[in-house]
Amino acid sequence: MLGEAARREVLEETGIDTEFLGIICFRHMLNYRYGCSDFYYICLMRPVNAEQPIKKCEQEIAACKWMDVSSTYELTG
């Protein structure tokens with residue numbers, strides 16, 4: 001179920017059809033916003049076709065681009 005939800009969200013927000021490979025990590029916070037619990041998952045996904053163009057959802061995403069895994073380390077400082 002989580003894999004299906006992750007795949008659907010990626011498709012809706014980027015236009016990229018993906019395959020769910022697994023969960024990298026997750027967190028659960030109690031009393032997050034409005035006193036509700038919050039679950040946050042980071043999933044490993046693979047594009048079905050690596051040549052698919054990104055079709056960013058303007059209402060949901062500020063920036064979206066293909067990146068090498070090694071270059072993501074630079075984002076965390």
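There are zero disulfides in this structure, which is a predicted model. A disulfide is a covalent bond between the sulfur atoms of two cysteines. C43 shows how the count comes about: the closest cysteine sulfur to its own is that of C25, and the two are 9.0 Å apart, which is too far for a bond, because a disulfide needs the sulfur atoms within 2.5 Å. Another cysteine, C36, is partly exposed, with a relative accessibility of 44%.

The mean pLDDT of the protein chain is 89, and 99% of the residues score at least 70. Confidence is highest in helix 1, at 94, and lowest in helix 2 (residues 69-72), where the mean is 80.

Beyond its sequence neighbours up to four places away, E13 touches K55, K56, C57, E60 and I61.

Let us move on to the loop between helix 1 (2-14) and strand 1, where we find G15. With a relative accessible area of 25%, G15 is partly exposed. K55 turns up here again: its C-alpha atom is 5.0 Å from that of G15, although the two residues are 40 apart along the chain. Once neighbours within four places in sequence are set aside, the contacts of G15 are V10, Q52 and K55.

Next comes strand 1 (residues 18-29), which includes T18. T18 has a relative accessible area of 5% and is therefore buried, the limit being under 20%. Residues up to four places away aside, T18 touches R7, V10, M45, R46, P47 and V48.

Strand 1 also takes part in an aromatic pair, and the count of such pairs comes to one. A pair of aromatic rings is described by the distance of the centres and the angle of the planes. Here the rings are those of F26 and Y41, with centres 5.4 Å apart and planes at 25 degrees, so the pair is stacked. Because F26 belongs to strand 1 and Y41 to strand 2 (residues 38-47), the pair ties together parts that are 15 residues apart in sequence. As for accessibility, F26 counts as exposed at 52%, while Y41 is partly exposed at 35%.

Notes
Residues are numbered from 1 along each chain as its sequence is written. This is a predicted model: local features need pLDDT of at least 70, side-chain atom pairs count only at pLDDT 80 or more; totals for chains, interfaces and linings use all residues. Side-chain values use heavy atoms; hydrogens and water are left out. Helices (H or I, at least four residues) and strands (E, at least two) are DSSP runs, numbered from the N terminus. Buried means under 20% relative accessible area, exposed over 50%, partly exposed in between (1.4 Å probe, protein chains only). Contact means heavy atoms within 4.5 Å. pLDDT is the predictor's confidence in each residue, from 0 to 100. Rings of Phe, Tyr and Trp (its six-membered ring) pair if their centres lie within 6.5 Å; planes under 30 degrees apart count as stacked, over 60 as edge-to-face and the rest as tilted.
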